[in-house]
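Reader: I am new to this structure and would like to learn how to read its features one at a time. Could you take me through a few of them?

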Amino acid sequence: MIQIVSKGAGWLGFLTAMAGFIAYEINPDWKPYATLAEGVALSLLVFFFIAHFDALKSFSTRRSTKLGLNSILMVLIFISILGILNFISSRHRLRFDFSETASFSLAPQTVQVLKDLNRDVKILAFVSEQGRTRSQIKDLLSSYSYHNPRITTTLIDPDKKPSVAKQYGITQYDTVVLESGKQETQIKTVSEQELTNAIIRISRDELRKILFLEDHGEHSPADEEKTGYSRVKDSLQKQGFEIGSLSLLEEGRVPDRTTVLVIAGPQKGFLPKEKEALANYLSAHGKVLLLLDPDTQAGMDDFLSQWGIKMGKGLIIDTVSRLLGGDFTIPVVTNYPAHEITQGFNLATFFPVSQTVNFDQGRAVEFEYKPLAQTGENSWSKTNPEAGRLNFNPAEDVRGPLTLAVAVTRKPKSGSPEPPAHDTPTDTGSTEAASTASQPTLVVFGDSDFAANGSFNFSGNGDLFLNTVTWLAQEKGLISIRPKEAHFTPLFLSRSQGKVLMYVSLLLLPSAVFITGIVIWKRRRRL
């Protein structure tokens with residue numbers, strides 16, 4: 001009777017153990033019930049072994065049993081070792097990078113940022129499952145979560161989950177969204193530097209403020225019509241900025257906490273006190289983005305002349321735009337001189353009804369001038385445009401390339417102390433970049449419609465505008481990480497060395513393994 005009960009207890013113990021394990025795998029919240037089941041199973045199995053102790057003892061004395069038990073014991077020990085190592089590694093993760101340039105390790109600046117991160121960050125990477133960059137982005141994100149478990153990463157294929165992509169406003173592959181609390185930002189160039197800077201931005205308690213000037217017929221960030229700037233507003237908010245409007249007629253000054261002031265296409269003139277308020281803001285190391293359309297009554301010539309800038313007369317004509325199905329008055333820009341704003345930028349931009357932006361080289365002692373966007377050689381500035389007469393006139397027109405956008409930074413006076421910037425770069429690798437970041441800066445575009453709702457998504461229009469605002473806000477200078485270059489170290493062999501290597505790898509080593517196996521097999525047959 002005891003034998004029957006013990007056998008039933010053995011089978012019941014085995015089934016109970018399996019049930020407890022499966023229950024915990026299905027729902028970890030059932031852990032107390034799974035633990036109880038495992039305890040009951042352990043008791044039943046112990047009862048089974050006690051009841052069958054004599055049978056197990058006699059069975060274990062056989063020679064075949066001993067050999068079999070030894071094999072089973074070795075397998076169990078090996079499985080136990082693997083289980084223990086897996087248990088330890090799941091709680092104490094260790095990674096080793098044996099590449100020559102540490103290509104799979106994060107920079108010390110990034111590691112320090114992740115070490116100081118004290119809030120949860122959710123990273124969503126919208127990448128195609130068939131994309132070539134998927135594995136690279138996955139490895140990079142896993143490195144971030146490895147250094148700080150508060151960072152969670154998820155890869156989403158926008159083709160398989162279009163509703164999620166639409167929810168986050170994703171329009172292209174390899175876009176990464178970062179969320180922390182109520183803050184959210186997006187990056188479209190997935191690199192260690194961009195990811196780290198994005199984490200720094202969303203981990204701030206205070207958002208950087210972008211103000212849009214009003215009262216002069218400017219494009220409004222609240223306007224959702226074709227000529228409005230609502231898409232600019234939405235994109236900047238996703239980048240982690242606070243957006244607001246400013247009336248100098250009411251305020252009389254630019255608020256101190258303003259990171260960047262945007263003047264988007266003014267149509268009416270500025271009062272002297274308004275220009276004075278703008279000058280005071282810039283002299284206090286402010287950042288201004290000014291977008292001016294041709295043939296307007298903004299009356300900013302005297303203000304711009306203080307910065308060595310002079311707007312060109314007439315319109316820019318471009319024959320390339322006609323080839324692309326556009327109008328002659330919509331120049332196409334694919335030439336971007338070297339600058340942080342246009343670094344790695346390779347998209348075409350379109351500027352409807354624009355004018356040139358010129359700089360007085362005699363003011364180069366006071367200002368650092370950098371062109372940002374230039375038209376091609378098949379363009380010209382038409383001084384006196386008339387309907388149906390847009391051909392180039394060498395007597396009065398200026399042949400391209402023509403500059404459409406410039407960045408002008410006031411150089412620090414010799415001997416004057418450097419004012420602190422809004423955010424000091426952690427390690428820019430360039431003291432010059434750090435010093436100019438805190439200086440008054442004015443960026444001028446010869447067109448404002450390129451960033452309006454109707455043109456914002458044309459090729460690189462929106463990206464160029466966002467890059468400009470981000471650079472003015474000094475976000476690009478938060479952390480600068482030098483890219484890791486892979487070294488190419490080829491192995492050169494002589495003809496004789498190549499033959500030796502071939503014979504050793506193809507003949508000698510396989511033959512040695514084969515002969516060793518034959519010898520061991522013969523010895524075992526004699527046992």
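Predicted model: local features only at pLDDT ≥ 70, side-chain atom pairs only at ≥ 80, totals over all residues.

Reader: How far does helix α6 reach from its first C-alpha to its last?

Author: Helix α6, which runs over residues 134-147 and has 14 residues, reaches 21 Å between those two atoms, close to the 20 Å expected at 1.5 Å a residue.

Reader: Which residues of α6 are buried, and what covers them?

Author: The general idea is that an α-helix has 3.6 residues a turn, so residues three or four places apart point the same way. In α6, the buried residues are Ile137, Leu140, Leu141, Ser143, Tyr144 and Ser145. Their cover includes the helices α5 (108-116) and α8 (192-202), together with the strands β1 (121-126) and β2 (151-156).

Reader: Why does lysine 233 count as partly exposed?

Author: Partly exposed is the class between buried, under 20% relative accessible area, and exposed, over 50%. Lysine 233 has a relative accessible area of 26%, and therefore it is partly exposed. Lysine 233 belongs to helix α9 (residues 230-238), and, leaving aside residues up to four places away in sequence, it touches Pro221 and Ile243.

Reader: Which residues lie nearest the centre of the second largest pocket?

Author: They are Thr296, Asp301, Met311, Gly312 and Gln355, out of a lining of 16 residues. That lining divides into six nonpolar, five polar and five charged residues, and its largest share, three residues, comes from strand β9 (residues 309-311). The volume of the second largest pocket is about 340 Å³.

Key: Residues numbered from 1 in each chain as written. Heavy atoms only, no water. 1 Å grid on protein atoms, 1.4 Å probe; cavity = no way out; pocket = protein on both sides within 12 Å on 5 of 7 lines; lining within 4 Å. Points joined across faces, edges and corners; volume = space filled by probe spheres on them. Helix = DSSP H or I, 4+ residues; strand = E, 2+ residues; numbered from the N terminus. Nonpolar A, V, L, I, M, F, W, Y, C, P; charged D, E, K, R; others polar. Buried < 20%, exposed > 50% of the residue type's maximum accessible area, 1.4 Å probe, protein only. Contact = heavy atoms within 4.5 Å. Expected span 1.5 Å × (residues − 1).
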